[in-house]
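Biologist: Please take a close look at a single part of this model and walk me through its surroundings, giving the cut-offs for each term as you go.

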Amino acid sequence: MSFILRPIDTVENISPEDFKKNYLDPRRPLVIKGLTKSWPAREKWTPEYLKQVVGNKVVPLYDNSKADPSKPINSSATEMPFDEYIDLIRSKPTELRIFFFNIFKQAPQLLDDVVLPKDLMGGFLESMPAMFFGGSNSVTFLHYDIDLPHIFHTHFVGRKHVILFENKWKRRLYCIPNATYALEDYDVANPDVKKFPALDGVEGIEAFLEHGDTLFMPTGYWHWMKYLEGSYSLSLRAWDASITRKAASLYNLAIKGGVDSVLKMAFKEKYAKFREELAIKWANRELAAGKPH
């Protein structure tokens, strides 16, 4: 046995009423295949076009290596001109990816190619659209977004494998204390449940995104992503209507993220080892108690 993964709900289109009742309010993930059919970006955003509008701007690149405990969690591995990077991911496998790139600062005209799905919900952070690029074999480690937004994640050009978990499973996923990511010592696609027994029986959702597909990821959902081909995605973020959720977001940003960074810089490997041991202890305790119920 291992993770128990069910296929994600998938629709071509959905009415605002159905979306609110069945996905937004109960916070259930969904793939909407036809959401972007009216977007100019769906046909326009080819690799060659993005190379043309962004050019040779040097961008930081990330790989699949486990995070260095003495550095911030999102420290880059190297850097490269954007146009050369696009050629790289389209020509051969690579782990290198671009994380949270505000491409619209470089090419503001790209905003005209996107239609915010305001008919489905409000609260969009219009100043915070971001893009993510990856070569085949590049992986986004298992985590949830610290600011707790709802996310509409649209994929372009290639395919992407996505695995999602509700936040209630976080301790069984070996969540690192004071952080919003999991222990990086197991393969989410093929977990070793003998070594990490708390993973056995954890329930999740699996999706394979294709060109133009939009994944609705509700606030607080854990997600792991693997690029199956050199490709890229756009994330649109929106606040949850709940005041409690907004307060939790501010707490995560101001307290959890800040405390974690200070302790990491101060104690480095000792702090990393302590957190990993505590994550394992919590996971085993949760498993023994049969949680979550």
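**A strand end and its surroundings**

Modeller: Phe 156 counts as buried, at 0% relative accessibility, where buried means under 20% relative accessible area, exposed means over 50%, and partly exposed lies in between (1.4 Å probe, protein chains only). The model is a predicted one, in which local features need pLDDT of at least 70 and side-chain atom pairs count only at pLDDT 80 or more, while totals for chains, interfaces and linings use all residues. Residues are numbered from 1 along each chain as its sequence is written, and side-chain values use heavy atoms, with hydrogens and water left out.

His 155 belongs to strand β9, residues 150–156; helices (H or I, at least four residues) and strands (E, at least two) are DSSP runs, numbered from the N terminus. His 155 is buried too, its relative accessible area being 0%. Its side chain makes a polar contact of 2.5 Å with that of Ser 233, a polar contact being a pair of N or O atoms within 3.5 Å; within protein, one atom must be able to donate a hydrogen and the other to accept it, and residues adjacent in sequence count only if both atoms are side-chain atoms. Leaving aside neighbours within four places in sequence, the residues in contact with His 155 include Lys 160, Glu 210, His 211, Asp 213, Tyr 227 and Tyr 232, with contact taken as heavy atoms within 4.5 Å.

The strand itself is part of an open, mixed sheet of seven strands in the order β2-β3-β12-β9-β14-β7-β6, and two strands are said to pair if DSSP finds at least two bridges between them. At the edges stand β2 (10–11) and β6 (97–101), each with a single partner strand, so one side of each has no neighbour in the sheet. Strand β9 pairs with β14 (residues 231–238) in the antiparallel sense, over seven bridges, and Phe 156 stands opposite Tyr 232 in β14.

Helix α1 (residues 16–24) packs on this sheet, where it touches β3 (30–32), β9 and β12 (214–217), and its direction makes about 55° with that of β12; axes here are lines fitted to C-alpha atoms, for helices over the stretch in contact, and angles run from 0 to 180 degrees between N-to-C directions. In α1, the buried residues are Phe 19, Tyr 23 and Leu 24. They fall within an arc of 70° when seen down the helix axis, so they line one face of α1, the arc being that of the directions from the helix axis to the C-beta atoms. These buried residues pack against β3, β9 and β12, whereas Glu 17 and Lys 21, on the other side of α1, are exposed.

That leaves the aromatic rings. Rings of Phe, Tyr and Trp (its six-membered ring) pair if their centres lie within 6.5 Å, with planes under 30 degrees apart counted as stacked, over 60 as edge-to-face and the rest as tilted. By this rule there are 21 aromatic pairs. One of them joins Trp 45 and Phe 156 in a tilted arrangement, 5.3 Å centre to centre and with 40° between the planes. This pair links distant parts of the chain, 111 residues apart: Trp 45 is in the loop between α2 (41–44) and α3 (47–54), and Phe 156 is in strand β9. Trp 45 is buried as well, at 2% relative accessibility. Both rings belong to one aromatic cluster, formed by Trp 45, Phe 82, Phe 101, Phe 104, Phe 133, Phe 156 and Tyr 232.
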